[in-house]
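Please walk me through this protein structure, beginning with the terms that are needed and then moving from the whole fold to its parts.

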Amino acid sequence: MKQKEKRPKVSTKRKIYRITIVATLIYSSVGIALYHLQKKILFHPVTLPRDYKFSFNVPFKEVNIPMNETDTVNVIQFFHADSIPKGVIIYLHGNTGNVTNYAKCAPIFLKHGYEVWMPDYPGYGKTTGDLTEENIYKQAKEVYKLAHSKFAADSIIVYGRSLGTGVASFIAAKFPCHRLILETPYYSMPDVLSTYAPIYPTERMSHFKFPVGEYLQDVKAPVTIFHGTSDKVIPYRCAEKLKKVLKPGDEFITIENGSHNNLNNFPLFYQKLDSVLNL
């Protein structure tokens, strides 16, 4: 019988070369996907038809603020029908759904005598326009201006949740207000992205910045921050970095074992929020 011919061994250098090529292709492919799919990864809007009828358990009014000939900001204004409000809370919500997902938070603030205004971002609910960071800021500014036409600056509280903390910080940095409250914030969007993709240059790759850490340095109003240590969406470390830019008198409230969507299950959250809203 003829002996089988032995295949030549692949050299170690060639193996390393092949592994390097494969790793480079994978790295590049994932990086390209992250670069081009950021909007889909970050934003999860639910659009509503223009004739959609909202229904909530508390009195409300629907307002549309025109931005241009085609685009409007849809705002739901919650209020007490039988009392004069002591101020307004501009509530800038998270990245999922639309105001219908967050309306359940309104009574928390209404009981303290505030109106609660919840705008949707472009493409969310009935709000229209291109979903860009610049447009989100522009629309939020118009909401603030409308609020300021009815309430003094020292009666306006700006509240941001999750994604909305970037928008809220921007507004509080640009305009006077009574207080800025941030629930589950982040230092910046590239910083959050680096948690999920640490081997990529996220600062250069990110289309959306939302630099909360930068904006807070220009906020003159008192700042209150809530974050849970078990947050798996925006890790605690992403918020903890904000401590270094807080002013004397600002508060960073750590909710032990709190996650991204359950801080309102903890007595400490209500205790601190009630004390702030009663000031």
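On a 1 Å grid over the protein atoms alone, a cavity is a set of points where a 1.4 Å probe fits but cannot get out, whereas a pocket is an open set with protein on both sides within 12 Å along at least five of seven lines, and lining residues are those with an atom within 4 Å of a point. Grid points are joined across faces, edges and corners, and a volume is the space filled by probe spheres set on the points. With these terms, a search of the whole structure finds 1 cavity of 30 Å³ or more, and the space in the largest cavity comes to about 30 Å³.

The model is predicted, so that local features need pLDDT of at least 70 and side-chain atom pairs count only at pLDDT 80 or more, while totals for chains, interfaces and linings use all residues. Residues are numbered from 1 along each chain as its sequence is written, and side-chain values use heavy atoms, with hydrogens and water left out.

The protein as a whole contains 11 helices and 10 strands, where helices (H or I, at least four residues) and strands (E, at least two) are DSSP runs numbered from the N terminus. Of its 279 residues, 50% count as buried, a word that stands for under 20% relative accessible area, with exposed meaning over 50% and partly exposed in between (1.4 Å probe, protein chains only). The accessible surface is about 14800 Å², and 56% of it belongs to carbon and sulfur atoms; such areas come from the Shrake-Rupley method with a 1.4 Å probe, and for residues only the protein chains shown count as cover. Among contacts (heavy atoms within 4.5 Å) between residues at least 6 apart in sequence, 69% join residues at least 24 apart.

The next element to find is the sheet. Strands of a sheet pair through backbone hydrogen bonds, either parallel or antiparallel, and two strands are taken to pair if DSSP finds at least two bridges between them. Here 8 strands form an open sheet with mixed pairing, in the order β2-β3-β6-β4-β7-β8-β9-β10. Its edge strands, each of which pairs on one side only, are β2 (60–66) and β10 (251–255). From one strand to the next the twist averages 20°; axes are lines fitted to C-alpha atoms, for helices over the stretch in contact, and angles run from 0 to 180 degrees between N-to-C directions.

Within this sheet, strand β4 (residues 87–92) pairs in the parallel sense with strand β7 (residues 156–161) over 5 bridges, and β4 also pairs in the parallel sense with strand β6 (residues 114–119) over 4 bridges. Isoleucine 90 has valine 158 as its bridge partner in β7 and tryptophan 117 as its bridge partner in β6, while glycine 87 has tyrosine 114 as its partner in β6. In β4, 6 of 6 residues are buried: Gly87, Ile89 and Tyr91 point one way, and Val88, Ile90 and Leu92 the other way.

Strand β6 is likewise covered on both faces, with Tyr114, Val116 and Met118 buried on one side and Glu115, Trp117 and Pro119 buried on the other. Strand β3 (residues 72–78) runs antiparallel to β6, the two being joined by 4 bridges, and methionine 118 is the partner in β6 of isoleucine 76. Helix α6 (residues 164–174) lies across β4, β7 and β8 (179–183), running at about 155° to β7.

Turning to the open spaces, the largest pocket holds about 760 Å³. Its lining has 34 residues, of which Asn95, Ser162, Leu163, Val233 and His260 lie nearest its centre. Two or more lining residues come from each of α2 (38–42), α3 (99–102), α4 (106–110), β7 and α7 (189–196), and the largest share, 4 residues, is that of α7. The largest cavity, by contrast, has a lining that includes Val73, Leu92 and Pro119, and helix α5 (residues 133–148) gives the largest share of that lining, 3 residues.

Finally, lysine 209 is found in the loop between α8 (202–205) and α9 (212–216). Lysine 209 is partly exposed because its relative accessible area is 26%. Its C-alpha atom is separated by 6.0 Å from that of serine 188, 21 residues apart along the chain. Leaving aside neighbours within four places in sequence, lysine 209 is in contact with Glu133, Ser188, Met189, Pro190 and Glu203.
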